[in-house]
Amino acid sequence: MSSKALSVSLAGYMLASSSPVVASELEESHRISASLNADWVSTYIWRGQNLGGISIQPGLGVEYRGFSLSAWGSSGFDKEDVKEVDVTLAWGGKGFQVGMTDYWFDNGPGYFHYASHRTAHVFEAHVGYDFGPVVFGWYTNIAGNDGAGHKGDRAYSSYIELSAPFMLGGLAWNAELGASPWKTSFYSTTGFSVVNIGLSVAKEFNPAKSCVLKLYAKGICNPRNEKGYLVAGVSFTTL
């Protein structure tokens with residue numbers, strides 16, 4: 001940044017800081033925010049794949065100036081269901097988001113095993129942009145327990161999704177279309193395949209000033225494996 005531009009920026013900041021309203025907004029933008037939530041779902045469906053039955057899915061996170069660190073988990077009522085713990089570090093601003101997620105499943109080596117060929121962790125990088133009417137996201141496994149490709153080597157399994165949120169009849173709807181662009185055992189695909197077509201509807205309630213209760217339902221179809229699901233859920237979020 002040039003010295004002239006820096007001078008203008010500092011002058012603008014000093015003038016803005018002298019206004020109580022703007023100063024309050026600046027203080028708010030520099031404040032660390034935290035979130036806490038828990039979901040109950042009738043079936044755990046992720047990107048068109050059935051990962052378990054009735055499940056409790058807690059989450060928590062912190063955010064500061066666009067940077068966020070969050071943890072999320074899923075625990076099924078059935079003892080055969082795989083337990084999952086995810087940690088995500090991300091940055092977002094002006095509709096753009098980039099981040100990294102560490103997925104861990106308890107059906108393999110323990111949590112602190114990170115060897116490339118002996119781990120239950122999957123490390124996924126993602127990038128996305130909110131265009132307004134449509135949200136685009138690209139997700140790629142870059143390390144860990146990834147699926148196999150054409151020659152049995154690491155597939156760098158990827159998932160592409162377009163989603164379109166909208167309001168109808170006083171309810172919040174979301175339509176989504178997801179695909180795996182190439183062969184991978186991670187999504188059980190042999191080439192480009194649509195693996196997720198979904199439509200969800202949700203209604204929020206405020207039983208108290210400090211929390212939000214959301215009821216939702218979602219219809220999901222995976223054309224690749226010819227499976228269909230209808231899922232119900234309840235989400236509780238603190239404010």
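Student: What makes Tyr-44, Trp-46, Tyr-103, Phe-105, Val-122, Tyr-159, Phe-186, Tyr-187 and Val-195 a nonpolar core?
Tutor: Keep in mind that the model is predicted. A nonpolar core needs buried residues of the listed nonpolar kinds, joined through side-chain atoms within 4.5 Å. These nine residues make up the largest such set. S2 and strand S7 (96-105) are the elements that give two or more residues to this core.

Student: And which residues does Phe-105 touch?
Tutor: Leaving out residues up to four places away in sequence, Phe-105 touches Val-82, Lys-83, Glu-84, Ala-120 and Val-122.

Student: Which residues belong to another core, apart from the largest one?
Tutor: That one has seven residues, including Val-41, Ile-45, Ala-202 and Val-231.

Student: Why is the pair Glu-124 and Arg-47 called a salt bridge?
Tutor: The cut-off is 4 Å from a Lys or Arg side-chain nitrogen to an Asp or Glu carboxyl oxygen. Their side chains meet at 2.8 Å, N to O, so the pair falls within 4 Å and qualifies. Glu-124 sits in strand S8 (residues 121-130) and Arg-47 in the loop between strands S2 and S3, 77 residues apart. Both Glu-124 and Arg-47 are buried.

Student: What about Lys-218 and Glu-176?
Tutor: Same test: 2.7 Å, N to O, is within 4 Å, so this is a salt bridge too. Lys-218 is in strand S13 and Glu-176 in strand S11, so the pair ties together parts 42 residues apart in sequence.

Student: How do you know that Glu-176 is buried?
Tutor: Its relative accessibility is 12%, and buried means under 20%, so Glu-176 counts as buried.

Terms used:
Residues numbered from 1 in each chain as written. Predicted model: local features only at pLDDT ≥ 70, side-chain atom pairs only at ≥ 80, totals over all residues. Heavy atoms only, no water. Helix = DSSP H or I, 4+ residues; strand = E, 2+ residues; numbered from the N terminus. Buried < 20%, exposed > 50% of the residue type's maximum accessible area, 1.4 Å probe, protein only. Contact = heavy atoms within 4.5 Å.
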